[in-house]
Amino acid sequence: MARRKIYKKHDLATLADLTHGQKAKVVKLNTIDKALRRRLLDMGITEGVQIKIKRIAPLGDPYDIELRGYELCLRKKDLSLIDVEVIS
């Protein structure tokens, strides 16, 4: 079984790489699909926004994230398209 890398403060990763309780700041959305990009932006996932991983489902998908005072539930596949800088 492969070990999961632990990301520390100021590391660059994707949102899907973080673990429960970690916080990060969005650096870039890496999606070519314009509809998905628009959907993520409409949900408030913009550059510079801080996101906290609230919960991860038992099988690792989906993730509950908190941003701007509300929570979202997103697929791991979509979170892997969001580049972030780890805050804590």
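The following legends describe close-up views of a predicted model.

**View 1. The largest nonpolar core.** This core has 24 residues, of which Leu15, Leu18, Ile45, Ile51, Ile65 and Ile82 touch the most other members. At least two core residues come from each of β2 (23–29), α1 (34–42), β3 (50–56), β4 (63–67), β5 (70–74) and β6 (82–86). A nonpolar core is a set of buried Ala, Val, Leu, Ile, Met, Phe, Trp, Tyr and Cys residues joined through side-chain atoms within 4.5 Å. Helices (H or I, at least four residues) and strands (E, at least two) are DSSP runs, numbered from the N terminus.

View 2. β4 and β5 pair in the antiparallel sense over 5 bridges; pairing requires at least two DSSP bridges between two strands. The hairpin has 2 residues between its strands, and Arg68 in the turn has a positive phi of about 50°. Asp64 has Cys73 in β5 as its bridge partner. The side chain of Asp64 also meets that of Arg55 in a salt bridge (2.8 Å, N to O). A salt bridge places a side-chain nitrogen of Lys or Arg within 4 Å of a carboxyl oxygen of Asp or Glu. Asp64 is buried at 17% relative accessible area, whereas Arg55 is partly exposed at 44%. Buried means under 20% relative accessible area, exposed over 50%, and partly exposed in between (1.4 Å probe, protein chains only).

View 3. Arg38 and Asp42 form a salt bridge (3.0 Å, N to O). These residues lie 4 apart in α1, so about one helical turn separates them.

Residues are numbered from 1 along each chain as its sequence is written. Local features need pLDDT of at least 70, side-chain atom pairs count only at pLDDT 80 or more, totals for chains, interfaces and linings use all residues, and side-chain values use heavy atoms, leaving out hydrogens and water.
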